[in-house]
Amino acid sequence: MVRPTRSEQQLQTKSIVNKVKKVMQSEMDKQTATTVMGNRISWKVYNKMRTTPLIDKNTTRKRKSETNTDDLPPPKKRTHAGNIGDMMDVPRLLEEARAWPADQVINWSEVARRYGVTKPNGGQYVKEVLATFGIIAATQNHRPQRKPRRARKVLLPGNPITDILRFFYGDGPAQQYEAGNSIGGIYPCVRCAVDTDTIVNLECAFKCQTMTLQERQRFVLEGTAWKKGGMNIYDKLKKAELTEELQVRQINTRGMNKKQMDETLRSIRAGITNLPALLQCCPTADLNTLQLGRYEVCPVEPLHDLKGHFANILEESEKLLSENALAELKKVKIAILSKSTLRCSDYRKAIILLYIKFRDNKFDKEYEELFRTAAELSHLLYSQDEKRVPKSILALHNISFLHGMICVQLFRDTAPPRMFGRYFHALISHSPLFFRLASMSALNTEDEERIFGQAKSITKSTSNYHVEQVIDNIITRVQVENALLHGTNNVDKEENSIRKLSKVAGNRYNTIIGYSMIEKYGPQFQVHLERISDFLLPGEGVWWRYIPSGIEFMDGHAEPEYQQQGPMLMHFRSTSMPDVEMYLQQQWEACVFNNTVLPLHNISHYASTDEPEAVSDASVHTSQSTENPNVISTLPYSTTETDTSSNHIVVQPQQSTEVQNPERKYKTTLVKALEQLVPHSTALNEFDTLRHMLKTTQPSKTERVKMIAKYEKLHSYFKQKLKLVIQDEDTQTDLKRIA
């Protein structure tokens, strides 16, 4: 056999290499660039996969083994540079650097020699010190950085468009920073001034005064602490600063120590720690000129609120359930909640499954109702915008109230404070009101939360960790994965699984509130009715009706979504939360002062002493009892028999002339009293101010004697005037108690 020549061997080798190249190129053509980016393969790995068959591994291994490391010189030992503060006078360097013009060219080596830096690359040490303090200067041989391309202005024909910010989109603690509120603490809500001790009392939580961003700005600017700046302008104030802050707000600080002044200021500001975030650069600017007049920080974020609240429910229920129910609860937790990373969707599945188990096995009835209302609450909060209709708004009001009352009944005495914290308050108090303006699913941050894990995985496997390339790489690859490879969103998949589980649980029926709950929790139920007053104004038979077991609200799946009598659906484009609150107050006043039958046994009507309302023409059904003259009865029934064994109230129709003749109008003794109190409102205000100052402040002995004398004088004046104008004993007794 004739041995081939060297040139023939080279041609054979070249042909083999070309064949391998063609095979590899055909294989790599199947993996396009978009496919590579969608599979989280870096370009370095891609090139390695493409060129690996062309490299002889045996030859590479042989060359590495033949390399003798003993012949190489030992590596040079690197010395530590030391503390930069000991090498140069940093304060003097900063003072000089701040005086440099912006366009001055700096020789960093010369600066380093001038400040005694003898190390190699001393100019680099100086640059690092200045960069630490945020001072930027041009170098002698600097490279001009590429300026980012500016977005082109697109001019469209027609009317100019002005953007108006409406809602803050995010969760805590970004919510608190956006509103200038404290993170945690005893005032956790960014919308109202409720404290952690009052959240459990739904009557106070529903009636708590809300604060807009304008009111928060006005409160901060009334004082002087905002001028010093900082994240928490009221933190670590000195005694002189506390005194000045309180005296500017017309609060007497005489005789108060620093601790008392700090507590007084904390109670006044009710969680306010700073100006809203968008006003940090311009504290005194008008919000309307900045297009922020209707800007609101929504205190509800269903993703984290539902997750935190459901976690608290399961933890507390585990302590109180019976043996069989506890075993079923543990099975559900092992099946669904045993993962290392738990999402809100996992808790929603667990709650629905627990409701099904408790309903089928007939476990504790109270906890079955707890899980049912929790499941319906999550369903309404995650519903789409097209499902936001008057019926669903009424349903969310009723379900949130029922769920809140059940939680109070079951966990008030045993649960820790976190059970009735920010999550509970946001879901029960604020979510129904904000649902009137926008769908809660639109305020969810679920997609944004999920992108963190995806971005972390992409950066770890495909990035070189250069700051200028990380963000672009993440955005590009996320879009490729979502659009080309993974067209179905994970959120949609989980929503479909939850929707299938909800079908097993059954459809939602009308909400029924029993007479026993109305009798036991009358004030809380009245405040709940005030929040749905626009659904009560059309009258009985439209959105609610009487049944033998209680009050039935027609908000189930079989009821119509709209009623011809109203109310109309609101939208955030034309309505804000202050508008909603004022609208509900007007609707409630119309219900009370018109001939409207309300699903409530008694109405407690509160009138302001500054501007008492003329309610003498109120056409509501009044009670025949004179024990509580400031209570108005509205239900056409009376509770005559009570079954103490089952705690069930037997309701019988009330055959009275008031119900039979609804056109007749009545006046209560409270109305008469209010009419007589109008001329004496100034004395009442003075009397109330003195009483408050005697309780909260510590005046000197002389001032206290004067205040007590004035207090007694006003008290006797008030007492005599009431005796002169009102002769009814019951009314006198009631007004003395009010005073």
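Tutor: Rings of Phe, Tyr and Trp (its six-membered ring) pair if their centres lie within 6.5 Å; planes under 30 degrees apart are stacked, over 60 edge-to-face and the rest tilted. Ring pairs join F167, F434 and F572 into a cluster. The model is predicted, with pLDDT of at least 70 required for local features and 80 or more for side-chain atom pairs, while totals for chains, interfaces and linings use all residues. Numbering runs from 1 along each chain as its sequence is written, and side-chain values use heavy atoms, without hydrogens or water.

The chain has 10 aromatic pairs in total. One of them joins F358 and F363: the ring centres are 5.4 Å apart and the planes meet at 80°, so the pair is edge-to-face. F358 has 0% relative accessibility and therefore counts as buried (under 20%, 1.4 Å probe, protein chains only). F358 also pairs with F371, again edge-to-face, with 5.2 Å from centre to centre and 80° between the planes. This second pair links distant parts of the chain, since F358 belongs to helix α16 (residues 344–361) and F371 to helix α17, 13 residues apart. F371 is likewise at 0% relative accessibility, so F371 counts as buried too.

Helix α17 covers residues 365–381 (helices are DSSP runs of H or I, at least four residues, numbered from the N terminus). From its first C-alpha to its last, α17 reaches 24 Å over 17 residues, close to the expected 24 Å (1.5 Å times one less than the number of residues). Of these 17 residues, 13 are buried, so α17 is largely enclosed by the rest of the structure. For the chain as a whole, buried residues make up 42% of the 739. Helix α17 is one of 31 helices in the chain.

Notes: Helices (H or I, at least four residues) and strands (E, at least two) are DSSP runs, numbered from the N terminus. Buried means under 20% relative accessible area, exposed over 50%, partly exposed in between (1.4 Å probe, protein chains only).
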